[in-house]
Amino acid sequence: MEKIHLPQCKIKELKEICERNNNDPGELINILHGAQSAVGYLPREVQEFIAAQLNIPVSQVYGVITFYSFFTMLPKGKYPISVCLGTACYVRGAEKVIQEFERQLDIKVGQTTSDGLFSLDSLRCVGACGLAPVVTVGKKVYGHVAPEKVRAILSDFYMLEE
């Protein structure tokens, strides 16, 4: 795995996040939320830094990150796409929607496009079963998504880049 180098400003920000939480290992989840917000994801270097600040083993930090699905160790796209695979969405065709996103973006679930614009993931339930199948792109929610709607959804975000 490629080693990243955190810029000094990010190190300072991570230190402040830890200090705001009194470098308390009991605040690890809050610290990780803050760190992921600051850096975008939680690579090994961030995990090591947090472990050192809190005086806990890196394995403890890693264990929390891998336990909770909210945390990611891989960079996400500028526009993270999540397709709900909860029961209602699944029976209404969410799997075909995922396949269409994979085809159009030329990536698989868990990957990010080479231009860094989109990442594709699935999740278990958005809590909007009446809108199934549901797709979120960032904080925007799309309901009743069929494979034919995927191109239009992506176009909304490509237009923002122009």
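**Exercise 1. Examine the end of helix α3 and describe how this helix packs.**

Solution. Helix α3 is followed by asparagine 55, whose phi is positive, near 60 degrees; helices here are DSSP runs (H or I, at least four residues) and strands are DSSP runs (E, at least two), numbered from the N terminus. The model is predicted, so local features need pLDDT of at least 70 and side-chain atom pairs count only at pLDDT 80 or more, while totals for chains, interfaces and linings use all residues. Residues are numbered from 1 along each chain as its sequence is written, and side-chain values use heavy atoms, with hydrogens and water left out.

Next, list the residues of α3 (residues 44-54) that are buried: Glu45, Val46, Gln47, Phe49, Ile50, Ala51 and Leu54. Buried means under 20% relative accessible area, exposed means over 50%, and partly exposed lies in between (1.4 Å probe, protein chains only). An α-helix has 3.6 residues a turn, so residues three or four places apart point the same way. The buried residues of α3 pack against α1 (8-20), α2 (28-39) and α4 (58-67).

**Exercise 2. Which residues does glutamine 47 touch, leaving out those up to four places away in sequence?**

Solution. Begin with the place of glutamine 47, which is in helix α3. Glutamine 47 counts as buried because its relative accessibility is 2%. With contact taken as heavy atoms within 4.5 Å, glutamine 47 touches Leu42, Val58, Val61, Tyr62, Ile65 and Met73.

**Exercise 3. Identify the largest nonpolar core and the elements that supply it.**

Solution. A nonpolar core is a set of buried Ala, Val, Leu, Ile, Met, Phe, Trp, Tyr and Cys residues joined through side-chain atoms within 4.5 Å. The largest has 27 residues, of which Ile81, Val83, Phe101, Phe118, Val135 and Val137 touch the most other members. At least two residues of this core come from each of β1 (79-84), α5 (87-91), α6 (94-105), β2 (118-123), β3 (135-137) and α7 (150-161), and the largest share, five residues, comes from α6. A second, separate core of 20 residues includes Ala38, Val46, Leu54 and Ile65.

**Exercise 4. Describe the largest pocket and classify its lining.**

Solution. On a 1 Å grid over the protein atoms alone, a pocket is an open set of points where a 1.4 Å probe fits, with protein on both sides within 12 Å along at least five of seven lines, and lining residues have an atom within 4 Å of a point. The largest pocket holds about 710 Å³ of space, and of its 22 lining residues the closest to its centre are Ser69, Phe70, Lys76, Ser82 and Asp121. Strands β1 and β2 each supply at least two residues of the lining. By class, the lining has seven nonpolar, 10 polar and five charged residues, where Ala, Val, Leu, Ile, Met, Phe, Trp, Tyr, Cys and Pro count as nonpolar, Asp, Glu, Lys and Arg as charged, and the others, Gly among them, as polar.

Methods: Grid points are joined across faces, edges and corners, and a volume is the space filled by probe spheres set on the points.
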